[in-house]
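I open the notebook on this entry.

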Amino acid sequence: MSNDQQLISDSINRLFEKEVNRNVLESFEKGQHPESLWQLIEEGGYHRVLDVESGATWSDVQPILRAIGYYRVPLPLAETLLANWIASRAGLSECDGPATIIDGGTLEARAQAGTFLLSGTANRVPWGRQAQRFVILCKIDGRWIACTVGAGNKGIASIVPGANVASEPRDTIRFDQCRCDEHAHVDLLDEDPVRTYGALVRAVAMTGAAESVLAQALQHANVRIQFGRPIGKFQAIQHMLAEVATDVAAALAAVSGACDAAGGRNAWIEVATAKVMAGGAAIRAARVTHQVHGAMGFTHEHMLHYGTRRIWSWRNEYGSDASWAGLVGAASIRRGGSAFWPDVTEQVARLQWQRNPIEQET
Amino acid sequence: MAFIHIPPAVLPPECEELREEVRAFLSKEMPHHRQKKEAAFSFFDPAFSRKLGERGWLGMTWPKQYGGHERSFLERYVVLEELLAVDAPIAAHWVADRQSGDQLIRFGTEEMRTTIVPGIARGEVYFCVGMSEPDAGSDLAGIRSRAERVPEGWRLNGTKIWNSAHHAHYMIALVRTQPAGDSRHAGLSQLLIDLTTPGITIRPILNLRGYVNFNEVHFNDVILPADCLLGKEGAGWKQVSTELGFERSGPERYLSSIELLMQMLNSASPDNERQAVALGRLVCEARTLRRMSIGLTAMFVRREDPGVISAMVKDMGTTFEQRIPEMAAELFDVELGDPASPLAQLAAITIQNAPSFSLRGGSREVLRGMIAKGMGLR
């Protein structure tokens, strides 16, 4: 880690270690939004670290995204970072408060009087009801246009609350002739940016969540006595946890590669790798750490589920492992076996991989 | 859990220049070896080893005064991964270059360094490992080979197994020189053994495919010179741990089946979703393993203790190598070994070699025990 990354990492971990406790998580499950925690995040400026003006890279922000998973932060910090990243790259105005990102693919964007009117329904919008601003990414005439809509915009016809398995809001938002507050072209080197960068933030957060449940299981294995000794002394337990630790180490390596590639050409290849590796590692971490915790870990009282329920949710957000693996596989098959090794050893930005050849041909 | 974070590392530009040199060399040399591939998964070819020596690609990190080239571990890494990616015939020099030469430089006498090490770097002198015994596999501290001090030097009795002695000039053997005290790790020493010494019998062992892959070497009152002791008497366990560190850290721990993966990419259809998903996963794993492996090598360069990372990369890498032939059988409707299908032929060889991947250099279970211990269990 560079010094900047270490600094960010230390301060964010300190903040969450202190502030995201059992009380916050239990209240969140009961529907109470942790306002004061968001205030602390804003005071630290963490929600805008990815803005172009800050000069920070995705690799710099990686510790924050990981900490969201590790401490199960019940706030739209990842979404806000992503939304603000795109808005700032488009040169749109800065905005405090929670934000979220919407793929405009399901919406109709009609040009009118120098702006766009958005209509249609966006499903499973993360933290829709908490967002002060929506950044909606639309492909118009082959170019990406970032549109912003404030929470108070009269064109938002309805927000129907929904949730993922971890009780995080995933809302259905209907826009009716919604006049964008701002819009601008944004230069994104990606065919499907919301899916790609959404997958990236979930992959990184999953590594944090997996690391956290693994740490809990290690601790439990060393103190839980059965058959007269800590269960961590049993080889069966040791090997299960060793295997998971290896999976998590691999996922950490993969997400760090994805953060390095983010924003550049072909980032999707590294993001796909990260999502596949992190998804697999996290789901196995959830299974094994529950096994190690026994019945205690299956209770609502135990903290374990705050991590595992997030893992089960995040793994399938912004594309399943198989859908991402399929993209990598199809592209690799098209390149053929003789290109495999040269491609593995080449810088990702220089690869000639096609993510979606049908679209490119038309 | 800092110990599972591998600091990212990027290969410096000189590595990429070197890669081009190696590729140019291999594109000229490798076609001659294609037809020999059938024989075994790592082919013995002294002429090829000597050519690598001439290029300066053996003993790359060793001091020049001992015939080395004083290049970085990362440069060595690049040469290794390029050789492994085309399944080059590197069996002859492999053990000597990877671990024995380093042991001699680190623990050997000045005479060993000046007379033997330069020959390794030239690709002319070959070594085999001398660790496992018939009754001491994963439990290496249980070895029984015993060397006693005699007026001429040492008298050695015992048996070493699973080594490539049939191709080697020397063995570095872990033997007991003192009875085990409170710790079985005490009283062990490493000896350098010239395999032409009288009293040594090398008995070949056929692997499951019927090829000579390794041997059982018997030592019957073998008299060795006093100066064959490597390092300190009684420090063998510590020295062998250093040696195993080299054995567990390289790109060879995930590339054994890579040619079959390439063949699968040639035979698959991008429109076959089943194949695309499964092969995509393997490609993701390969990319991740390489990243981990380079990160690990960079830790060696910075002289950081990799802790559990070496064991993790080997465990994951060998599992990956074993899954490739299994996936070939699952994804392609061919009968393994069918002469009509190059994929089926390669898959047949690979799946039969695969059981050894998670045994050599420390079994999977031993590695997982090490990882668990490193994580604070036990």
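I start with the burial rule: a residue is buried if 20 or more other C-beta atoms lie within 10 Å of its own. I keep in mind that this is a predicted model.

**Entry: a glycine in chain A**

I looked up A:Gly280. It sits in helix 8 of chain A, residues 267–293. Is A:Gly280 buried or exposed? I find 21 C-beta neighbours inside 10 Å, so A:Gly280 counts as buried. Next I checked its contacts, leaving aside neighbours within four places in sequence. A:Gly280 then touches A:Asp247 and A:Asp321. I also took one C-alpha distance. A:Gly280 and A:Met206 are 74 residues apart along the chain, and 9.9 Å separate their C-alpha atoms.

**Entry: the nonpolar core**

How many residues does the largest nonpolar core have? I note 233. Residues with the most contacts inside this core include A:Ile86, A:Ala146, A:Leu241 and B:Leu191. A:Ala210, A:Val248 and A:Ala285 are on that list too. Helix 7 of chain A, residues 235–261, gives the most to the core, with 17 residues.

I followed up on A:Ala210, again leaving aside neighbours within four places in sequence. Its contacts are A:Val248, A:Ala251, A:Ala281, A:Ala282, A:Ala285 and A:Ile311.

**Entry: strands**

Chain A has an open sheet of 4 strands in the order 2-3-7-6, with antiparallel pairing. Which strands are at the edges? They are strand 2 (107–112) and strand 6 (156–160) of chain A, each pairing on one side only. Neighbouring strands of this sheet are turned by 10 degrees against each other on average, direction ignored.

I then counted bridges. Strand 2 of chain A is joined to strand 3 of chain A, residues 115–126, by 6 bridges, and the two run antiparallel. A:Ala111 stands opposite A:Phe116 in strand 3 of chain A.

I turned to chain B. Its strand 2 (146–150) and strand 3 (153–163) run antiparallel and are joined by 5 bridges. These two strands of chain B form a hairpin with 2 residues between them. B:Ala147 has B:Leu156, in strand 3 of chain B, as its bridge partner.

Chain B is divided into domain 1 (2–125), domain 2 (129–234) and domain 3 (248–374). The centres of domain 2 and domain 3 of chain B, taken over C-alpha atoms, are 31 Å apart.

The contact between the chains takes 43 residues from chain B and 43 residues from chain A. On the chain B side, the elements giving two or more residues are helix 8 (258–267), helix 9 (273–301), helix 10 (309–331) and helix 12 (364–374). I sorted the chain B side by type: 24 nonpolar, 10 polar and 9 charged residues.

**Entry: helix 8 of chain B**

Why is helix 8 of chain B largely enclosed by the rest of the structure? Because 9 of its 10 residues are buried. Among them are B:Ile258, B:Glu259, B:Gln263 and B:Ser267. I checked what covers these buried residues. From chain A, the cover includes helix 10 (321–335) and helix 11 (337–344). From chain B, it includes helix 3 (73–85), helix 9, helix 10 and helix 11 (342–353).

Terms used:
Residues numbered from 1 in each chain as written. Chains lettered and ligands numbered in written order. Predicted model: local features only at pLDDT ≥ 70, side-chain atom pairs only at ≥ 80, totals over all residues. Domains from an automatic or database assignment. Contact = placed C-beta atoms within 7 Å. Nonpolar A, V, L, I, M, F, W, Y, C, P; charged D, E, K, R; others polar. Core = buried A, V, L, I, M, F, W, Y, C linked by C-beta atoms within 7 Å. Buried ≥ 20, exposed ≤ 12 C-beta atoms within 10 Å, placed from the backbone. Pairing = 2+ DSSP bridges. Axes fitted to C-alpha atoms, helices over the stretch in contact; angles between N-to-C directions.
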